[in-house]
Each structure stands twice: as structure tokens, then as C-alpha cells.
Amino acid sequence: MSEQNLFKVTIDNITIDVPAGTTVLQAARLIGGQVAPPAMCFYSKLEGSGGKCRTCLVEVSKGSEKDPRPMPKLVASCRTTVMDGMEVKNITSEKVLDARAGVVEFLLLNHPLDCPICDQAGECHLQDLSFEHGKADTRYEFQRRTFKKHDLGKHIQLHMTRCILCYRCVYTADQLTNKRVHGILDRGDHAEIATHIEKSLDNEFIGNVIDVCPVGALTDKTFRFKNRVWFLKPMDAHRDCPTCSGRVTLWNRGDEVYRVTARKDQWGEIEDTPDGKPGWICNVCRFDKKETSDWIIEGPREISRQSVIAQGHYAGNIGTTKPNETFKAVNDGRTPHLLMDIHDESEVNQPTIHLGKIQGPSHGDTFNTNNTHKA
Amino acid sequence: MTYTFNDTQMAELNRLVARYPEGKQKSALLPALHLAQDSFDGWLPTELMDYIANLLKIEPIEVYEVASFYSMFNLKPVGKFIFEVCQTGPCMISGSDDIIAYIQEKLDIKPGETTKDGVFTLKLVECLGACGYAPMMQVGKIFREHLTKEKVDSIIAEYRATVTN
Amino acid sequence: MGVKLLLDKANVPGIRTYEVYRREGGYRSVEKALKEMNPESIVEEVKKSGLRGRGGAGFPTGMKWSFIAKPEGVPRHLVCNADESEPGTFKDRYLMEFIPHLLLEGLIVSSFALGSHDTYIYIRGEYAWITDILEEAINEAKANGWLGKNILGTGFECNIHVHRGAGAYICGEETALIESLEGKRGNPRIKPPFPAIQGLWQRPTVVNNVETLAAIVPIINMGGEEYAKIGVGRSTGTKLISACGNINKPGVYEIDMTISVEEFIYSDEYCGGIKGGKQLKACIPGGSSVPILPANLLLKTATGETRYMNYESLSDGGFATGSMLGSGGFIVLDEDQCIVKNTLTLARFYRHESCGQCSPCREGTGWMEKILHKIEHGHGTIADIDLLWDIQRKIEGNTICPLGDAAAWPVAAAIRHFRDEFEWHINNPVLSQTSNFGLQHYADPIHVPA
């Protein structure tokens with residue numbers, strides 16, 4: 001890169017030289033830390049993504065050296081390219097923080113907040129965003145939006161109520177597969193991810209929609225309700241895969257592989273393979289190779305994100321030794337006892353009794369099979 | 001059910017597609033869906049949308065995405081005549097609420113419903129660009145403007161007559 | 001009687017047909033433009049005229065035209081925005097319905113200036129019968145050599161195609177319109193790149209409103225400088241105003257932007273006063289998205305000067321005490337109208353029309369509608385007013401396209417000028433269901449929440 005192609009940009013009073021064509025968000029990520037705006041819809045590996053969620057809005061206080069006028073509105077940093085001499089305010093701008101708090105509130109308005117039963121909990125970007133920019137309370141007092149359920153086949157679970165309409169999964173299907181069968185239907189506050197008529201997503205690369213989903217709207221059915229991500233230990237591994245690079249992260253407990261994902265960087269995006277291509281993985285690697293023997297383990301993977309999955313547990317050398325016993329060994333041949341089978345409609349122990357239909361508080365008697373108490 | 005355009009309809013589709021450059025036939029999607037909706041039962045069943053996708057050489061999901069976005073495309077069965085009554089600001093201040101209530105009473109249906117005989121559907125819509133001639137509604141291709149209760153009566157009678165004869 | 005440039009022949013019997021239109025002097029500007037001028041000199045003339053986009057934003061047309069990129073070998077397109085959907089606006093419909101050839105004439109000249117050989121008219125789907133009128137006019141023009149190959153023997157080729165939308169207000173936004181024209185959902189694009197660089201099918205594209213393109217005809221005929229003499233300041237030429245609501249004579253009027261708002265409402269030449277001899281309560285002067293003004297601020301500015309029907313005067317005082325000329329959709333409300341209910345129907349409109357692409361608009365418009373619904377039906381609290389204010393503030397300016405602003409402004413202005421009425425609604429939950437606040441305090445000092 002020649003000298004002429006470098007642009008000087010100052011973000012939150014930190015100056016950096018970046019190649020022309022770099023976006024403000026990418027420049028901010030190079031600086032790192034708090035200076036990098038949160039991004040819920042932008043995904044650097046997906047062409048055309050970004051601009052929609054409005055969480056990465058920043059204030060451009062100086063347009064460029066040539067035209068120093070500030071930009072009249074906050075701009076989406078993911079879709080704004082830097083100009084030479086540009087000055088940007090992110091966390092140093094009251095306006096930005098105010099707008100961002102507004103966006104977080106909007107995103108959470110209809111979100112079910114069902115983190116306790118959501119597989120994404122612990123690695124959810126919306127959790128991170130709410131933690132950093134949201135308020136503990138909501139001012140929304142109306143019924144939250146719900147959708148009809150759509151089955152996307154045996155591998156992928158769709159929870160539309162959790163979706164923030166980032167469009168990433170649509171771009172993924174467009175750019176990674178030859179035939180897209182899901183899309184955005186309807187418009188406005190009723191827009192939803194769906195296939196219109198029940199169709200399963202079965203392209204061999206479609207599993208990547210799970211990795212790009214910033215929330216728990218698209219989750220891995222083979223991992224559903226199996227474990228919390230923070231109890232698992234991420235290990236880099238690879239296999240000789242005829243379809244994809246075969247470079248993955250295994251999420252293990254002892255020797256048991258609970259789930260397989262692509263390798264993600266600190267921004268939650270798919271890492272590039274050594275040959276510089278995005279390391280998307282195929283469905284076989286993701287859903288079918290669930291034995292340690294399927295893989296060549298490279299070593300523990302450090303997760304450097306703010307989420308709970310990165311909290312101490314996996315950082316540095318802590319926790320890199322395997323637990324002595326696997327779950328199988330602990331259980332000593334017994335099958336695990338199902339304490340609670342959580343469905344979307346709350347059913348506790350007895351599927352015939354719906355908690356929602358019980359008048360007043362429930363107690364032990366409610367679930368006693370021998371009693372005649374009417375629910 | 002499968003759908004097929006007849007020769008006239010197919011010629012019209014080809015005329016629509018020819019307006020756009022080579023390879024940009026997807027641009028004809030909106031006009032093509034209008035044609036499809038008007039040619040058959042006034043709404044767009046999945047099979048019909050698939051047929052259009054096939055004709056325009058695009059994926060069915062691209063058609064579903066578009067059809068569900070635009071309010072003029074009906075994705076559920078409708079009556080023979082749809083009363084699309086405007087309820088936005090200028091019509092509201094000119095008394096559209098009364099007109100809507102009156103139509104509901106006359107036809108004994110709620111917004112979004114179709115009469116039992118399948119003749120009329122009542123649909124509440126947002127501004128149709130006839131604010132100076134409010135209150136108004138659209139029936140098929142035309143606008144019925146300056147609505148009064150008497151006018152609604154005669155419009156209903158007018159359309160009913162076309163069915164019974 | 002003001003100057004008329006667009007509607008001067010509107011009442012000539014049969015003006016819709018080519019024969020009459022031509023006999024009345026139609027298509028002269030095409031002859032002049034193609035034979036005596038070149039694309040650059042046409043753009044220059046439009047710049048001199050001071051013509052500003054008539055769709056609502058008021059951006060100078062000549063400047064917009066000069067931005068169009070001209071890469072070698074890439075076709076360029078002119079697209080006419082006939083997706084007239086802003087509540088209160090029905091002027092383009094009038095033009096197309098009664099004098100379709102005027103639009104075609106403007107389109108041919110503009111296509112020549114921009115180098116567009118395939119020009120599209122994107123018309124809202126509900127104007128189905130106007131589509132037929134336009135197609136008929138195009139056939140007539142083609143049969144008489146004004147369209148097609150080698151127009152007037154100059155070698156210039158131009159075809160005009162009518163593309164029908166299918167019910168989406170958002171497609172009036174130029175990038176959403178382009179997406180829709182490509183057969184996609186009407187999701188506005190993120191700018192840059194601007195359409196002038198990458199528009200329809202990634203080709204350089206100019207999108208102009210119907211009235212703007214029709215105004216090209218008198219500009220070419222009389223010259224830009226002469227055109228600029230009509231009107232006042234940066235509000236040059238004539239403007240079509242579609243007046244509706246509680247007035248005696250709703251309809252489309254051509255004004256020269258020097259008349260006062262008071263004259264426009266009360267003179268017999270225009271609106272003819274308030275219907276039924278009632279009093280004027282408020283007015284939305286430029287289509288539903290511009291701020292509503294109470295009567296006192298409508299007729300006079302905050303500093304007591306007469307308010308005129310032009311871009312500058314209507315926006316005098318900014319949003320604190322002014323509004324906008326916008327698209328020219330002039331909605332008049334009399335003393336019996338309820339501001340809360342009016343705001344609710346507009347909030348519902350914007351919720352219904354939000355494309356759902358970006359979060360503030362998708363979630364915020366529905367939230368505002370629900371709160372307004374609650375207040376309207378007697379269940380509101382005073383805190384709801386402040387909440388509404390905060391929501392609109394967080395939508396405005398934070399969305400991809402101006403629909404967010406358009407949804408926020410009516411709510412903001414209603415609270416700004418009619419907070420008393422909102423409070424009355426909340427404090428009188430039963431009474432407000434059967435009677436209206438009326439005019440009681442509308443002239444009180446203006447509340448401007450921080």
C-alpha cells in the first residue's frame with residue numbers, strides 16, 4: 001500500500017492511518033476497545049450487509065481535510081467510508097450515546113427476553129449490547145409481538161420472536177448457497193424471516209446462518225437445550241473435509257463434542273482461513289461430526305469477547321486442562337434424569353398442565369398426579 | 001391447482017418483460033403479479049406465485065418476499081369486489097369513520113372479512129391519493145369518491161346487480 | 001388571478017388527447033430542445049430557472065441533474081416518481097389524469113438532457129386507470145413521432161415505460177422506488193452511493209417528481225431566467241397545491257408562491273374558506289409528514305409577519321414555530337377536529353408504511369401508534385406525552401431514509417403546539433370520547449419541551 005492511499009482518521013481523539021475505502025467501523029475496530037461501535041447487522045464477510053440496525057451510529061464532527069463541515073446527521077459507521085482528515089465521535093458524543101440507548105430500547109421492545117431458555121445466551125450480541133447501552137427497565141407496556149411458528153427442517157431452529165431483522169441470514173443464503181429458500185416476508189413491524197410455505201433449509205452450507213445470527217433466532221437443533229455455552233470449552237480443531245476448509249471450533253465438555261461452530265474472531269465474525277477466504281463450514285462438519293475422533297484437536301481457543309463465555313473461564317491458561325471425568329463417567333452408566341423439559345409453552349413435568357392456565361400461584365399439589373385438583 | 005396464462009395473458013406478460021433490459025426481467029415482477037392477480041381469483045395462491053417465479057426465472061422466495069411487501073397483493077382469498085376504504089387523516093377528518101361503520105353494517109362484515117356469498121370484501125387501507133375527494137374507496141381499478149351513505153347504498157346495489165344478472 | 005404555467009390549458013375540452021394538446025401548443029419545448037439546444041444548455045436553463053424538486057424535499061433540480069455520472073458505455077436512466085402517496089397530496093394525479101401529454105413532453109426533454117433512452121414512470125399501483133391514460137398518451141406520442149427512434153430526425157431515441165407499483169408509500173423514496181422498479185421489496189438503499197452514480201440496475205439514474213418534470217416544459221419554452229422571475233426568492237415558478245380537509249373548495253390549485261396563506265384559504269379563487277362557516281383550527285401545509293401548525297402560527301409567523309405560500313415563508317421559525325411547503329398537500333382542520341385522533345391516524349399510516357428495515361422506524365412507529373391509541377381512547381397518562389416526545393426524538397434523524405423523520409415530525413408538532421389538548425384528553429377520559437377540545441387554548445404560548 002503506497003503512502004497516498006492512506007487516510008488519516010481520528011475516532012474519539014485517537015488518530016489512525018487506514019487505507020482508502022475503509023469504513024469508519026473497520027477503522028474503529030483497528031483501534032479496538034470501546035472505540036469500536038457495536039454492530040448488530042453489519043458483517044464484513046457478507047456483501048451488502050449493514051446500515052439497518054443503527055447501533056453503530058456515530059457523529060462525524062469533521063467531514064474531511066478538504067471539506068471540514070460536520071455531517072448533519074449521525075451516520076451508520078459500518079457503511080460510511082473514511083475521508084482523509086475525518087474526525088469521528090463515538091463514545092465521546094452525547095448524541096451518539098443517546099441515540100444508541102434509543103436503538104437498544106427499540107431492539108428490545110418486542111424481544112421476549114427469554115435468555116434463561118435461549119441457547120444463544122452467553123454469546124448473544126443483543127445481551128452484550130443491552131448490558132452496555134440498555135436500561136434495566138422497559139417503558140413498553142403493550143403486548144409483545146409474536147409470530148406463527150415455522151419449521152426450517154432438522155438442523156436449524158427458528159425463533160422469530162428473538163429476531164432483530166439484521167438480514168445477515170438472508171445475505172448468507174444468497175452468497176453461500178445457490179438457491180435461497182428463506183427470506184423476509186411481510187413488512188414493517190410484522191416483517192419476519194420465513195420460507196412462506198414450510199420448507200426445510202438443507203443446502204450444505206446453510207448451517208452458517210446459525211453462526212451469523214447475532215441473537216438466538218437461528219440456533220443449532222443438534223445442540224438445542226444440551227448445555228450452556230459457558231460450561232463448554234472451545235477447542236480449535238480441523239478435519240480433512242471435501243466440502244469446506246474443515247477448520248472449526250469444537251465446544252467440548254471433556255471428550256464429548258456438544259457442538260461445532262466456525263471459528264469466530266473477537267467481533268463474532270467468521271475468521272479467515274490461512275488462504276484469506278472466510279472460513280465458512282459445511283453442514284457435515286457442523287451437524288454430523290460430533291465425536292472427538294472425527295477431529296484433529298489443535299488446542300484450546302481463547303474467546304476474547306465481552307460476553308460471559310469469555311469471562312476468565314477460558315482466558316489465558318485457566319481452564320485449559322481437561323476435566324478429569326466426562327459426564328458419562330460421572331453418571332456411571334445411569335441415564336441423566338430429566339429435571340425439567342422446557343418447551344416454548346411452559347409445561348412442567350406434566351405436559352397436560354399449562355402453567356399459564358392455572359389460576360393463582362401454583363404449588364406442589366398442582367402437579368401431583370394423584371390429586372384431582374383441577375388446573 | 002396449477003395455473004397457466006392463456007395466449008392473451010402470456011402476450012401481455014411478454015410485453016411487460018420487454019420494457020426492461022435483457023436479463024433484468026425480474027423488474028417485471030410487480031406488473032406480472034398484478035396481471036396474475038387480475039387474471040385469476042383476485043389473490044395470489046402459492047402455486048400462482050411459483051408459476052410467476054418460473055416465468056421470470058427467479059426463485060420462488062423472491063416472489064413471496066415481494067408479494068408480501070406490497071399491500072395491493074392479496075395473499076388470502078377475497079370476494080369478487082373489494083371495497084378498499086381509506087382511513088388516513090384527510091379522509092378521517094372528512095368522515096371516513098362513519099362510512100366504514102356504515103359499510104360494515106350494510107354488508108354485515110368486519111374489516112378484512114368477506115361476505116358469505118363471496119361478493120364483497122372490506123379492506124381498510126391507508127391514503128390512496130384522493131384526499132380532496134374524501135371520503136373515498138377503491139373498487140377494482142376505479143376510485144369511488146365523495147362517499148355518503150346513499151352513495152354507498154347505490155354502489156353496493158350496482159355491484160350486486162352485476163353478479164345476480 | 002395568478003400566473004398559470006402547468007394548468008393553464010387544463011380546462012380546454014379534450015386536452016387529454018394528443019390532437020387537442022398539440023393544437024394548443026403542446027410539444028413545442030421538445031422541438032426547441034432537440035433542435036436548438038443541447039443537453040448541457042438544457043441543464044443550464046433548468047439551473048437558471050431555480051426550479052426545486054416538487055416531490056417534497058425541494059432540492060434544486062438543475063443541480064441534481066448535473067450530478068449524474070456519465071461513464072462510457074453505461075446507459076443512464078430518468079425515472080419519473082409518480083408514486084404520489086403522501087397523505088394530503090393528489091396534485092400529480094390531477095396532472096397525469098387531465099394533461100398526460102404535459103408530463104410526456106417534460107419527460108422527453110428531460111430524457112434528452114440526461115441522455116436517457118429508456119425512461120420509466122413509476123406510478124403508484126392504486127392509480128390503475130391513470131396507468132391506462134398514460135399508456136394511451138404514450139401510444140399517441142409514439143404514433144406522432146415524439147417517442148421511439150430518431151425523434152424529429154435528430155437521431156435521439158427515447159422510450160417511455162409505465163411501471164405500476166403495488167401499494168407502498170415507501171416507494172416514493174427514490175432509492176426504494178429504484179429497488180421496487182428492479183422487482184424487489186421497497187427497502188430504501190443506504191446512501192452513498194447516490195442514484196446519480198449507481199441507481200437503477202447500478203446505472204446512473206435521476207429520479208424526479210411528476211410536477212418537477214412537467215415544469216421543465218414552461219422552463220424550456222420561456223427560458224430559465226423568465227421562469228425565475230415568477231415567484232419570490234428561492235421559491236421560483238409556480239407550485240401545485242392540493243387542498244383538502246374542511247374547506248369549501250378542495251382541489252388542485254396552481255399558485256405562483258407570492259400569495260399569503262390567508263388568501264389561499266379564504267379567497268374564492270382557491271379554498272373558499274372553511275366549510276360550514278366554521279373556524280380554522282390547524283393546518284398541515286405540505287403533506288402529512290410536515291409539522292402541523294395551529295391557526296395563529298399558520299397565518300402569521302412567530303414574529304407577526306404574514307405567512308406566504310412558499311418554501312421560505314412556510315418554514316420560517318424552523319420546526320419550533322414553522323412548517324414546510326413539502327409536497328404541497330394542504331390539509332385544513334376546522335374547530336371540530338381532534339388533534340389527538342388526527343395524529344393517531346397519521347401514526348398508524350406511518351407504522352403501516354414502514355418497510356421494517358431499520359430498527360428505530362420499525363419498532364418506534366408502532367410504539368407511537370399504540371400510545372396514541374391509548375390516549376385517544378381515554379387510557380392515557382400525562383407521562384405518555386413525554387414518552388411520545390422521547391420516542392419521536394429517538395427516531396428522527398436516526399433512520400436510513402426520511403420515513404423515520406416523516407413519522408416523527410407530525411407527532412412532535414402535535415405535542416409541541418397542542419399539548420393542552422393531549423392533556424385535556426388524558427384528564428377527561430370520559431368526556432373526550434364524546435366531545436372535542438375545540439379551539440379553547442390553541443393560541444396559548446407555545447410549549448416546546450426540551
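Me: Over how many bridges do strands β10 and β11 of chain A pair?
Reply: Strand β10 covers residues 233–238 and strand β11 covers 247–253, both in chain A. Strands are DSSP runs (E, at least two residues), numbered from the N terminus, and helices are runs of H or I with at least four. Two strands pair if DSSP finds at least two bridges between them. The antiparallel pairing of β10 and β11 in chain A has 6 bridges.

Me: What kind of model is this?
Reply: Residues are numbered from 1 along each chain as its sequence is written, chains are lettered from A and ligands numbered from 1 in the order written. Local features need pLDDT of at least 70, side-chain atom pairs count only at pLDDT 80 or more, totals for chains, interfaces and linings use all residues, and the model is predicted.

Me: Which strands stand at the edges of the open sheet in chain A?
Reply: The sheet has 4 strands in the order β12-β11-β10-β13, paired antiparallel. Each edge strand has a single partner, so one side of it is left without a neighbour in the sheet. The edge strands of chain A are β12 (256–262) and β13 (296–300).

Me: Which element gives the most to the side of chain C that touches chain B?
Reply: Here 46 residues of chain C are in contact (C-beta atoms, placed from the backbone, within 7 Å) with 35 residues of chain B. Elements giving two or more residues include α7, β4 and α15 of chain C. With 6 residues, the most comes from α15(C).

Terms used: Two residues are in contact if their C-beta atoms, placed from the backbone, lie within 7 Å.
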